[in-house]
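Work through the exercises below with the model open beside you. Try each task before you read its solution.

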Amino acid sequence: MSIGRDGKTSILVPRIWLLMPSRLYHCDLSKHRFLACFVCCLAIACSPTTLLAQFGGGGSGMGGGQAQAPAAATKPKFRDHIHNRDGMALRREDGDAVVAEVRLVGNQVISTTDILAELQTRKGRFYSEETVLSDVSRLNDMGSFDHVTFETEERVTRANGSSNAPQKSVLVTFYVRERAMVSKVIYHGNYRMNDRELSGRSGITEGDPLSEFAIETGKRRLLDYYHEEGFNQAAIEAGIGLPSDTNAVVFRINEGPKERIEDIQIEGASIVSESRLKKVIQSRGPMMGIMSYINNVADMKKIDADVNVLASYYHNLGFLTATVGRRIEYDETGKWLTIVFVVHEGPRFKVGDVQIVGNEYVTEESLRKRLELKANDTFSGTKMRKDIGEIVYGYGELGFIYAEVNPKTIMRDENGIVDLVYEITEGDRWKVNSIRVEIDGEPHLMRESTMLNLIEMREGDYIDRRDLETGRNRIERSNLLETNPTIAEPPDIIVKPLEGSQR
């Protein structure tokens with residue numbers, strides 16, 4: 001954001017486009033030149049000279065001795081204006097038959113007046129089957145009907161007049177079947193949750209279309225909500241209709257007790273301490289005293305997710321065959337439970353062979369120098385991911401900005417040995433064809449060179465992935481631009497390939 005000479009603030013959002021033989025960064029300021037031309041033309045049209053010329057006299061006064069201004073021309077009648085000055089032509093309807101009457105059958109809740117207002121087929125107009133089909137689509141779009149059809153009946157009548165020529169007319173009847181609407185929603189058996197909370201979760205309110213699918217979806221949402229709040233034994237039945245109201249929706253709820261965690265235990269852990277593993281998972285045990293009730297909810301989804309978190313943690317440490325399970329133990333009241341995570345660690349694997357395949361442009365020797373995880377080392381998922389990043393960025397420094405690395409782990413027959421294979425897809429090598437700056441807001445408050453000085457790439461250079469990230473960080477931290485996404489689109493460097501470009 002910058003401040004102009006008039007003291008007003010202006011938001012500047014630049015985007016730098018890198019045009020390669022397959023990538024571009026672009027800004028077209030022609031729209032600003034167009035705006036300038038528009039303002040200039042507007043100023044000329046409203047200049048005082050033009051106004052003086054219109055008032056006459058070459059600037060002289062309108063006092064004595066001057067001829068009286070001619071009277072205004074008589075305004076033509078509207079009828080003459082239309083015919084003599086080529087005014088708007090009226091649309092002429094044509095057809096062989098006239099609509100004698102439009103009828104509606106089947107509507108009970110929605111009034112006939114509201115439905116007829118949606119139709120283009122009306123009494124006295126020429127009949128058109130295309131218009132009737134469009135009316136059927138309009139009625140379906142109202143969302144109030146399950147089914148809409150129509151029927152026509154031709155009639156022949158004698159026209160009033162001396163000739164007594166027969167005249168065709170059509171009776172159009174629309175048959176509609178109204179969709180049942182929810183008259184009211186009843187929640188029965190909810191003692192710990194109020195109706196307002198449940199209504200917001202179920203998504204079903206009075207006046208909604210009565211749909212079994214929507215009701216079943218609302219039931220699942222309510223169950224998920226109860227489980228999130230610790231009511232893991234909650235049961236819900238949904239039904240439609242009451243003896244006095246067939247369109248009422250009833251949710252019968254058995255909440256059950258609200259479950260809380262009394263303790264968390266981890267069995268079978270020998271390499272990592274229990275206290276360390278408890279910090280890895282998301283579930284938390286109770287605090288001391290009365291604090292044991294605060295934020296203490298037994299969420300089964302979170303507990304099951306913690307099983308996967310512990311397994312991934314052990315795999316990352318090299319225990320590739322480790323498995324984790326869980327056991328739930330309730331107290332006598334059924335409200336407090338103990339979570340026991342059971343760990344089977346298995347052997348800790350070491351790295352056997354490290355293979356690199358798919359590299360064509362970069363030598364295998366230079367790639368191996370970047371690897372931290374080598375043969376005979378204890379396997380580490382953290383180091384493996386770091387090595388993948390090093391290979392990707394190594395290619396990115398040479399212009400292979402879309403290079404990909406797919407790691408594979410192959411366990412040997414002998415115990416505790418795993419081979420690593422890095423499959424590389426190099427892709428194309430990209431150069432910068434042109435660099436353009438696009439500034440939203442008031443571009444005259446900032447020069448393009450200001451933005452270009454913040455990046456290190458130049459036209460003709462191979463694109464460096466690290467330079468791209470460095471340039472993005474410099475632009476964001478320059479304090480020259482608006483970076484709040486709620487106000488404007490954040491500044492960025494966009495790489496766009498040019499069509500027909502070559503490697």
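This is a predicted model: local features need pLDDT of at least 70, side-chain atom pairs count only at pLDDT 80 or more; totals for chains, interfaces and linings use all residues.

Residues are numbered from 1 along each chain as its sequence is written, and side-chain values use heavy atoms, with hydrogens and water left out.

**Exercise 1. Describe the open sheet that holds β7, β8 and β9.**

Step 1. Read the order. The 3 strands run β7-β9-β8, with mixed pairing. Strands (E, at least two residues) and helices (H or I, at least four) are DSSP runs, numbered from the N terminus. Two strands pair if DSSP finds at least two bridges between them.

Step 2. Find the edges. β7 (184-188) and β8 (235-242) each have a single partner strand, so one side of each lacks a neighbour in the sheet.

Step 3. Neighbouring strands are turned by 20° against each other on average, direction ignored.

Step 4. Contact means heavy atoms within 4.5 Å.

Step 5. Look at one pairing. β8 and β9 (residues 245-254) are antiparallel over 7 bridges.

**Exercise 2. Work out how α11 and α13 cross.**

Step 1. Take the axes, which are lines fitted to C-alpha atoms over the stretch in contact, with angles from 0 to 180 degrees between N-to-C directions. Those of α11 (residues 381-397) and α13 (residues 465-476) come within 6 Å and cross at roughly 90°.

Step 2. Name the arrangement. The two helices, α11 and α13, are therefore roughly perpendicular, a label for angles of 65 to 115 degrees.

Step 3. List the residues. From α11, Glu390, Val392, Tyr393, Gly396 and Glu397 meet Arg465, Arg466 and Glu469 of α13.

**Exercise 3. Compare the span of α9 with the expected one, then find its buried side.**

Step 1. α9 (residues 300-316) has 17 residues.

Step 2. Buried residues (under 20% relative accessible area; exposed is over 50%; 1.4 Å probe, protein chains only) include Met300, Ile303 and Leu310 in α9.

Step 3. The buried residues of α9 pack against α8 (274-280), β11 (323-330), β12 (336-344) and α11.

**Exercise 4. Is Arg447 buried or exposed?**

Step 1. Arg447 sits in the loop between β16 (434-440) and α12 (448-452).

Step 2. With a relative accessible area of 66%, Arg447 is exposed.

Conventions. Angles under 35 degrees count as roughly parallel, over 145 as roughly antiparallel, 65 to 115 as roughly perpendicular and the rest as oblique. The expected span of a helix is 1.5 Å times one less than its number of residues.
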